[in-house]
Amino acid sequence: MRHFRLIIPALWLGSLIPCADVLAGPAKPGGPSASAPFVVVIDPGHGGRDAGSRGALLLEKDFTLRAAGMLAALLARRPEVKAILTREADTEMTAVQRVSVANYNAASLFLTLHADASWRPGARGPAIMVAAPRRPPRVAGEAARAVAFRWQRSQNIHLASNRRFALSLQRRFAAIRAGEKPPVRILAVRDLEGARMPAAYVSLGVISTPEDEARLSEITEEDTYLTALARAVLKFAGLTEDLPPKPPAPAETAPVESTQAPVSSEQPATPETGAAAGESPQSEPDAPVEQNAAPAGEGR
Ligand SMILES: [Zn+2]
């Protein structure tokens with residue numbers, strides 16, 4: 001799997017840090033409300049030059065963007081929840097940038113959405129991953145190293161909450177799949193490192209399997225997996241699981257948009273005319289090289 005490295009299979013999750021998680025759970029006095037909503041940051045995996053996995057037609061980065069927008073819209077039906085996306089366009093982001101959005105917004109839950117590929121013919125269905133515990137550094141090193149370890153270990157105090165969310169989601173997904181439980185894996189997931197709140201990596205299907213790709217391609221806001229995920233978030237937030245019907249679309253505002261259109265036409269078509277070399281004009285220096293560094297398939 002290209003977007004994270006597998007480092008430590010966790011065998012001892014249950015025995016770690018039994019009490020710190022009490023402080024880390026989402027429950028707050030009085031619970032979330034419209035004035036003090038439960039903040040969930042939803043990360044559409046991949047983006048920009050990092051297309052993620054591929055189906056015959058569908059790119060993972062496009063699917064995750066659509067699915068994350070729909071999940072945010074589902075949760076927006078509840079005023080006690082505030083959903084924030086890490087990206088709303090085909091933007092390239094590092095793993096650190098994604099998690100930083102959640103930290104900056106003091107989110108109570110961070111979800112990164114994916115649609116993994118598999119080399120196993122017939123592999124299908126969702127999968128859930130949460131961070132494995134990290135050991136502290138054995139030797140006190142220089143400051144930068146200490147900071148790096150602190151970043152990596154920030155999930156340690158949320159292990160129990162992560163597991164609670166993952167198992168709740170697993171039950172909901174299993175109900176959709178005639179009882180077939182999707183895997184919950186406890187791994188060193190790079191996309192979750194540094195998140196200072198409970199966090200999970202959710203793959204909504206196997207994009208390389210035609211059956212799943214067709215389902216993912218046709219995803220709608222009422223999709224059973226998305227609504228299951230939204231209800232798991234509500235449950236985790238300590239809320240009821242009601243999802244009110246989709247609100248009616250606002251009245252057409254086409255005239256407003258059309259009056260604004262001419263304003264942007266004052267810009268000459270610089271990107272087109274300037275692309276003499278045929279290369280992409282944007283070669284950002286801060287591109288996350290490591291993000292594409294592990295194309296070694298994934299381990300299902
Ligand atoms: Zn992915």
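User: Which way do β3 and β6 run, and how many bridges join them?
Analyst: In this predicted model, β3 and β6 run parallel and are joined by five bridges. One of the residue pairs to look at is Leu 111, whose bridge partner in β6 is Ala 200.

User: And how does β4 run relative to β6?
Analyst: Strand β4, which covers residues 127–131, runs antiparallel to β6, and three bridges join the two. Here Ile 128 has Val 202 of β6 as its bridge partner.

User: Why is β6 largely enclosed?
Analyst: Strand β6 spans residues 199–203, and because five of its five residues are buried, it is largely enclosed by the rest of the structure.

User: Which residues of β6 point which way?
Analyst: Ala 199, Tyr 201 and Ser 203 point one way from the strand, while Ala 200 and Val 202 point the other way, and all of these are buried. Val 202 is also the bridge partner of Ile 128.

User: Switching to α2, how many residues has it, and how far does it reach?
Analyst: Helix α2 takes in residues 60–75, which makes 16 residues, and it reaches 22 Å from its first C-alpha to its last, close to the 22 Å expected at 1.5 Å a residue.

User: How many of its residues are buried?
Analyst: In α2, 12 of the 16 residues are buried, so the helix is largely enclosed by the rest of the structure. Among the buried ones are Phe 63, Leu 65, Met 70, Leu 71 and Leu 75, and also Glu 60 and Lys 61.

User: What covers them?
Analyst: The cover over the buried residues of α2 includes the strands β1 (38–44), β2 (81–85) and β3 (109–114), together with the helices α6 (210–217) and α7 (224–236).

Technical notes: Residues are numbered from 1 along each chain as its sequence is written. This is a predicted model: local features need pLDDT of at least 70, side-chain atom pairs count only at pLDDT 80 or more; totals for chains, interfaces and linings use all residues. Helices (H or I, at least four residues) and strands (E, at least two) are DSSP runs, numbered from the N terminus. The expected span of a helix is 1.5 Å times one less than its number of residues. A residue is buried if 20 or more other C-beta atoms lie within 10 Å of its own, exposed if 12 or fewer, and partly exposed in between; C-beta atoms are placed from the backbone. Two residues are in contact if their C-beta atoms, placed from the backbone, lie within 7 Å. Two strands pair if DSSP finds at least two bridges between them.
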